Amino acid sequence: MTEMPDLPRGNLLIIDDEEEILKALNRQFRREYTVYLAHSADEGYRLMTETPIDVIISDQRMPGMTGAEFFKKVKSEFPDAIRLLLTGYADIEAVIAAINDGNVFRYIAKPWDPVELETTVAQAFERYDLIVQNRALLKELQEANASLEQRVAARTAELADANERLVQLNELKNEFMGIAAHDMRTPLTVIKGIATMLMARQNIPADMRTEYMQMILDSVQDMLNLLNDLLSISEIESGKLTLRPQEVDLETYINRIAQLNRPLAENKEIQIVTEFAPGLPHLRFDPERVQQVFNNLLSNAFKFSNPGTTVTIRAVSSDDNVEFSVIDQGQGIAASEVGQIFEAFQRTSTRATAGESSTGLGLAICKRIVELAGGQLAVESEQGKGSRFYFTLPRVAEPVGEAAPGE
């Protein structure tokens, strides 16, 4: 049977007055995106009024209207379209002005590197998808608020509870915005500093340039991790997380999790082992969500452990439940901080042994997933001697809460 080709996942508009550049960019991106070509800013504007465009690549120097002027024109009318400016170093002042005005997401220097260009365009589409997702979440919240207001008007008995919930959501929103902005400042500062240096220094050795680009990618990944965690906890808090339990062979399942996390452990010269009590039953739970819990607990164990130590995954069974533990020989947690670590955005005074970053949301997400599955998540820790994070899952899975079918 002939496999069907993957459908293009987005609309890309390329504007350039040079036919050869249009052809080259079209060849590079036509397999992955639906590509629209324009020879001028006016033609590009016409295409945008006729077709939804996700990402735009525009040359800076074009007859009539420059790329920066075009982006300034379309910014208000098509705010979601992600704008990439193709330019030479001679136009750097115009580029900086466009970036400072918020008209340009990234700029691409001529001559461009195809791999770097593909990465930049992919990040632009990721940015567009994130904007669309956030807009959908905002619309859902607005619709929920409107519905709630109607219910409050009809049922005065629910007024106090509804108002309290709205206050909590507003406080959570403000907390998310404030902490997200703070946590994004560091990676953005790194990216800005490296980009400024790369612009200022033309003769950077290839190995150093590769190192700098990796630092940029790492910083971008830190920001994506934070955004993904924010979306996950928002999904949980809004009641839209649905668990899909199925029967799981525990030994096979946990051995697979250990195998998937082994490369991360080996990077820090940490050994990961599994221990199983005899007669472990098959259990019903959502394997994808529980793996998310394991991955987070293991990541934290590696993060706060030194090379040469061991991290153990243990599973034991009782009449009512199965208890899973992730045990490390790391730095441990101060007794005064144990009670707050499962709250959103909480970080302890313990520092990662290799400078790894943390969003402060992982344990809060784990706690909510386990509780939705009908279990409990807790920790035993002694500073300087390591920690044991453990959670239970009932032998008869009866989630205490789940959303309506469908995510």
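This is a predicted model: local features need pLDDT of at least 70, side-chain atom pairs count only at pLDDT 80 or more; totals for chains, interfaces and linings use all residues.
Does Tyr253 count as buried or exposed, and at what relative accessibility? Tyr253 has a relative accessibility of 10%, so it counts as buried, the cut-off being under 20%. The chain has a mean pLDDT of 79, and 77% of its residues reach 70 or more.

From Tyr253 the next step is Phe294. The two rings form an edge-to-face aromatic pair, with 6.5 Å from centre to centre and 65° between the planes. Because Tyr253 belongs to helix 8 and Phe294 to helix 9, the pair ties together parts that lie 41 residues apart in sequence. Phe294 has a relative accessibility of 0% and therefore counts as buried. Beyond its neighbours within four places in sequence, Phe294 is in contact with Tyr253, Ile257, Ile313, Phe324, Val326 and Phe391.

Two residues on that list, Phe324 and Phe391, form a pair of their own. Their ring centres are 5.2 Å apart and their planes meet at 25°, so this pair is stacked. Phe324 is in strand 10 and Phe391 in strand 12, 67 residues apart, and the pair links these distant parts of the chain. Phe324, at 0% relative accessibility, counts as buried, and so does Phe391, at 1%. Ring pairs join Tyr253, Phe285, Phe294, Phe324 and Phe391 into a cluster.

The largest one has 43 residues, and Phe294, Phe324 and Phe391 touch the most other members. At least two residues of this core come from each of several elements, including helix 8 (250–267), helix 9 (287–303), strand 10 (321–327) and strand 12 (386–394). Helix 9 gives the most, with 7 residues. Apart from this core lies another, of 19 residues, among them Tyr33, Val35, Ile82 and Ile108.

Rings also take part in arrangements with charged side chains. Arg388 lies over the face of Tyr390, 4.0 Å from the ring centre. In another case, the charged end of Lys73 sits over the ring of Tyr45, at 4.2 Å from its centre.

One stretch calls for separate mention. Over residues 397–407 pLDDT stays under 50, and the model has 27 contacts beyond four places in sequence for them.

Notes. Residues are numbered from 1 along each chain as its sequence is written. Side-chain values use heavy atoms; hydrogens and water are left out. A nonpolar core is a set of buried Ala, Val, Leu, Ile, Met, Phe, Trp, Tyr and Cys residues joined through side-chain atoms within 4.5 Å. Buried means under 20% relative accessible area, exposed over 50%, partly exposed in between (1.4 Å probe, protein chains only). Helices (H or I, at least four residues) and strands (E, at least two) are DSSP runs, numbered from the N terminus. Contact means heavy atoms within 4.5 Å. pLDDT is the predictor's confidence in each residue, from 0 to 100. Rings of Phe, Tyr and Trp (its six-membered ring) pair if their centres lie within 6.5 Å; planes under 30 degrees apart count as stacked, over 60 as edge-to-face and the rest as tilted. A charge sits over a ring if NZ of Lys or CZ of Arg is within 6 Å of the ring centre and within 35 degrees of the ring normal.
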